[in-house]
Amino acid sequence: MSHKTENTGFICQHCGKEVLPLTDGSYRNHCPFCLYSLHVDITPGDRACTCGGLMEPVKIIYNSKKGYQIVHRCQKCGFERNNKINEDPRQPDDINAITAIMRQNAERR
Ligand SMILES: [Zn+2]
Ligand SMILES: [Zn+2]
């Protein structure tokens, strides 16, 4: 039996693709295809937030300790959160989607 029932896959509410749980057992909070997330957590994985808005990937930032991170902004309430880019061997974050955001960031400057 699984010790972590909350760590299951989900269907992305933005692109409709099936997202598999991470192979290392940690919690996946954004879609590896379109990189969108959902505003459902106060701390990652707790599902304690009632907002439920789609969180758009708006920026890629580099943190010297945590590496590259995606900045997600909630389209409903404007809340922002940084999330680590995922390198899961089975479903890594789409490098094309990541570079597309980086390019947008560069153009906005
Ligand atoms: Zn998606
Ligand atoms: Zn929100």
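Where does Arg 47 lie in this chain? Keep that in mind while going through the points below.

1. A word first on what you are looking at: this is a predicted model. Now to Arg 47, which sits in the loop between E3 and strand E4 (54-63). Its phi is positive, about 55°, although Arg 47 is not a glycine.

2. You'll find Leu 35 in the loop between E2 and E3. Is Leu 35 buried or exposed? It is buried, with a relative accessible area of 0%.

3. On to the metals, beginning with the zinc ion (ligand 1). Four cysteines hold on to this ion through their SG atoms: Cys 12, Cys 15, Cys 31 and Cys 34, at 2.2 to 2.3 Å. The angles among the 4 donor atoms run from 107 to 114°, and the site is tetrahedral. Read along the sequence, the donor residues of ligand 1 give the pattern C-x2-C-x15-C-x2-C. Within that set, Cys 12 and Cys 34 link distant parts of the chain, 22 residues apart. Cys 12 belongs to the loop between strand E1 (10-11) and strand E2 (18-19), while Cys 34 belongs to the loop between E2 and strand E3 (37-38).

4. How accessible are those two cysteines? Cys 12 has a relative accessible area of 6%, so it is buried. Cys 34 comes out at 17%, and it counts as buried because the cut-off is under 20%.

5. The zinc ion (ligand 2) has a histidine among its donors: His 39 coordinates through ND1, and Cys 51, Cys 74 and Cys 77 through SG, at 1.9 to 2.3 Å. Why is this arrangement called tetrahedral? Because the 4 donor atoms subtend angles of 105 to 120°, and the rule asks for all angles to lie between 85 and 135 degrees. Cys 51 and Cys 74 are both buried.

6. Finally, a look at the rings. The charged end of Lys 17 sits over the ring of Phe 33, 5.1 Å from the ring's centre. As for aromatic pairs, the count comes to 1.

Key
Residues numbered from 1 in each chain as written. Chains lettered and ligands numbered in written order. Predicted model: local features only at pLDDT ≥ 70, side-chain atom pairs only at ≥ 80, totals over all residues. Heavy atoms only, no water. Donors = N, O, S within 2.8 Å, 3.2 Å for Na, K, Ca; no water. Tetrahedral: all angles 85-135°; square planar, octahedral: opposite > 155°, others 65-115°. Helix = DSSP H or I, 4+ residues; strand = E, 2+ residues; numbered from the N terminus. Buried < 20%, exposed > 50% of the residue type's maximum accessible area, 1.4 Å probe, protein only. Phe/Tyr/Trp six-rings, centres within 6.5 Å; stacked < 30°, edge-to-face > 60°. Lys NZ or Arg CZ within 6 Å of the ring centre and 35° of its normal.
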